[in-house]
Amino acid sequence: MINSSLHRGISVHRIGAMILRYWYLLMSSWPRLLELLYWPALQVITWGFLQLYIAENANFFARAGGTLIGAVILWDILFRGQLGFSISFLEEMWARNIGNLMMSPLKPIEFLLSLMVMSLIRLAIGIVPMTLLALFLFHFNVYALGLPLIAFFCNLIFTSWSVGIFVSGLVLRNGLGAESIVWTLMFAILPLACVYYPVSVLPAFLQYVAWALPPTYVFEGMRALLIEQTFRTDLMLGALALNAALLVASFAAFLALLRSAKRNGSLLSGGE
Amino acid sequence: MTENDKASSRPTVAERSPSAAITVDHLVKLYKQTRAVDDISFSLPRGSITGLLGGNGAGKTTTIAMIMGLVLPTSGRVQVLSHRMPEESAAVLGRMNFESPYVDMPMRLTVRQNLTVFGKLYAVKHLAGRIAELAEDLDLADFIDRANGKLSAGQKTRVALAKALINRPELLLLDEPTASLDPDTADWVRAHLERYRKENNATILLASHNMLEVERLCDRVIIMKRGRIEDDDTPEAIMARYNRTTLEEVFLDVARGRVNGAKEAAR
């Protein structure tokens with residue numbers, strides 16, 4: 001009755017089973033679906049009107065049309081990508097289902113891969129309507145960025161997964177008492193990743209910190225594209241290299257935190 | 001030969017019982033200064049049902065969690081279905097399963113959706129057929145398409161049991177399988193476990209506070225107190241040793257520290 005390949009390699013079936021689990025959950029709860037749409041829409045409307053107002057009153061922004069609303073959309077890819085990953089993980093903690101999963105043949109890497117796929121699905125549900133709103137209300141077509149948009153998106157989503165993997169490990173180790181980190185950690189990156197302003201605005205010593213964060217390269221790249229109409233390949237490659245290191249480090253941290261949770265017995269308690 | 005040499009040349013529990021379903025060898029679990037499990041060893045033959053008895057904090061749940069690989073031992077060895085845990089867990093997790101009050105099934109998913117997800121995780125072939133079979137065996141048909149969160153305690157326990165049996169496990173670990181059930185449902189669950197063991201030659205290890213349940217189901221009882229094994233034998237032999245007619249009386253003797261007196265009275 002049991003598949004003989006159960007303990008060999010990564011199983012697409014087990015990853016599929018987890019995606020199915022989250023899909024059932026999403027489809028069974030309209031508040032969860034609404035929440036995916038609500039915040040991105042609110043963001044783009046608020047910042048879109050702000051951009052319109054500034055554009056009417058400042059030459060620079062008139063020239064650099066779209067940098068603000070473009071930054072809002074890209075920031076939401078980064079933030080919602082991480083939330084999409086982490087909320088699916090938290091659903092297991094809230095449901096006290098982690099023990100069932102850890103005792104099943106599901107491997108940590110398969111669990112994380114299923115969370116990555118879910119973050120893409122949740123992101124698509126939230127971000128696509130957001131981009132359409134930006135197009136119809138403010139005539140900003142993010143898809144007009146063309147191929148560079150793919151480079152921006154990939155780099156941002158890789159960072160969001162790294163952060164998601166790391167905070168999931170923290171919650172696994174420390175229980176739901178560490179849940180607030182899921183919601184707040186990305187905001188610590190916000191000022192340093194220079195989402196709404198160039199790196200040159202920062203004091204010199206903070207610029208080093210900023211350039212250690214992959215999203216900084218993406219937002220600088222976006223401004224270069226919109227203001228100077230130049231696609232900075234060097235920035236994208238820099239972000240990619242940092243993201244590769246970040247993904248490896250976050251996965252190693254997750255495994256170490258999982259092991260610590262097993263040593264500490266927190267997989268059984270799971271609560272505060 | 002020193003004492004240490006003698007100890008290291010002595011065969012381990014696993015070496016003495018190579019075909020056992022579970023072997024636990026000098027297992028210790030320390031939580032800071034607390035010895036949750038304190039140097040316990042036992043071996044469970046395949047096809048047996050063993051009850052793990054003990055008061056709250058005796059170390060039963062920690063022992064089961066270490067056997068499952070959810071908790072790492074401080075020292076000692078655990079071998080499950082001839083594989084070392086947790087190092088070789090990938091080779092055995094698909095052949096075992098568990099039910100515990102410390103975990104739940106996702107509440108918003110229906111019973112069928114939950115069983116589908118877990119069936120796929122365990123790579124169960126002909127899954128729809130297996131779910132239908134379990135629904136009939138465990139009387140789930142009336143609520144199989146209802147959300148798990150909307151079920152009564154008894155129905156949830158039956159669903160958790162269905163999840164624990166979805167992969168026809170060779171080894172079943174149960175922590176308080178009938179806790180919070182009415183006597184009728186509890187009796188029904190016990191009957192099902194007995195039948196499952198007989199039909200599949202499965203090994204069952206269950207932790208319980210229900211002495212009648214242990215007397216009825218188990219062919220062996222391990223009594224734990226403060227992380228150590230206080231006694232380990234058949235229910236009949238243990239009751240005879242303590243000169244008691246029920247396991248509940250034995251449990252009270254152990255819990256209240258009347259062990260030696262009771263044993264001497266029996267002699």
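Q: Which sense do β6(B) and β7(B) pair in, parallel or antiparallel, and over how many bridges?
A: Parallel: β6(B) and strand β7 (residues 171-175) of chain B are joined by four bridges. Bear in mind that this is a predicted model.

Q: And what stands opposite B:N97 in β7(B)?
A: That's B:L172.

Q: Which helix packs on the sheet there?
A: Helix α7 of chain B, residues 153-165, touching β6 and β7 of chain B. Its direction makes about 165° with that of β6(B).

Q: OK, zoom out. What's the strand order of the six-stranded open sheet in chain B?
A: The order runs β6-β7-β8-β3-β9-β10 in chain B, and the pairing is mixed.

Q: Which strands stand at the edges?
A: β6 (96-99) and β10 (228-233) of chain B. Each has a single partner strand, so one side of each has no neighbour in the sheet.

Q: How many degrees does the twist average from one strand to the next?
A: It averages 15°.

Q: Switching to β1(B). Which sense does it pair in with β2(B)?
A: Antiparallel, over eight bridges, with β1 covering residues 22-31 and β2 residues 34-44 of chain B. As one example of who faces whom, B:I22 stands opposite B:L44 in β2(B).

Q: How many residues are between the strands in that hairpin, and which one takes a positive phi?
A: There are two residues between β1(B) and β2(B), and B:K32 takes a positive phi near 50°.

Q: What about β1(B) and β4(B): which sense, how many bridges?
A: Antiparallel again, over five bridges, with strand β4 of chain B spanning residues 75-80. There, B:T23 has B:Q79 in β4(B) as its bridge partner.

Q: Some totals for chain B, please. How many helices and strands are there?
A: 12 helices and 10 strands. Chain B has 267 residues, of which 46% count as buried.

Q: And among contacts between residues at least 6 apart in sequence, what share joins residues at least 24 apart?
A: In chain B that share is 65%.

Q: Over to chain A. How do α4(A) and α7(A) cross?
A: Helix α4 (residues 67-94) and helix α7 (residues 147-174) of chain A cross at roughly 30°, with axes coming within 8 Å. That makes α4(A) roughly parallel to α7(A). The crossing is right-handed.

Q: Which residues meet there?
A: From α4(A), they include A:L74, A:I77, A:F85 and A:F89, and from α7(A), A:F152, A:L156, A:W161 and A:V167 are among them. By class, the residues of the contact of α4(A) with α7(A) divide into 14 nonpolar, seven polar and no charged.

Q: What about α4(A) against α6(A), what angle and axis distance?
A: α4(A) and helix α6 (residues 108-138) of chain A pack at about 155°, with their axes 8 Å apart. That makes α4(A) roughly antiparallel to α6(A). This crossing is right-handed too.

Q: Who makes that contact, and how many are charged?
A: Among them are A:D76, A:R80 and A:F85 of α4(A), along with A:R122, A:M130 and A:F138 of α6(A). The contact of α4(A) with α6(A) has three charged residues, plus 13 nonpolar and six polar.

Q: Last topic: how many residues does each chain bring to the A-B contact?
A: Chain B brings 32 and chain A brings 30. On the chain B side, α3 (60-68), α4 (89-92) and α5 (111-121) of chain B are the elements giving two or more residues.

Q: Which of them gives the most?
A: α5(B), with five residues. The side of chain B that touches chain A has 22 nonpolar, five polar and five charged residues.

Note on methods
Residues are numbered from 1 along each chain as its sequence is written. Chains are lettered from A and ligands numbered from 1 in the order in which they are written. This is a predicted model: local features need pLDDT of at least 70, side-chain atom pairs count only at pLDDT 80 or more; totals for chains, interfaces and linings use all residues. Two residues are in contact if their C-beta atoms, placed from the backbone, lie within 7 Å. Ala, Val, Leu, Ile, Met, Phe, Trp, Tyr, Cys and Pro count as nonpolar, Asp, Glu, Lys and Arg as charged, and the others, Gly among them, as polar. Axes are lines fitted to C-alpha atoms, for helices over the stretch in contact, and angles run from 0 to 180 degrees between N-to-C directions. Angles under 35 degrees count as roughly parallel, over 145 as roughly antiparallel, 65 to 115 as roughly perpendicular and the rest as oblique. A crossing is left-handed if the near helix is turned anticlockwise from the far one by less than a right angle, and right-handed if clockwise. Two strands pair if DSSP finds at least two bridges between them. A residue is buried if 20 or more other C-beta atoms lie within 10 Å of its own, exposed if 12 or fewer, and partly exposed in between; C-beta atoms are placed from the backbone.
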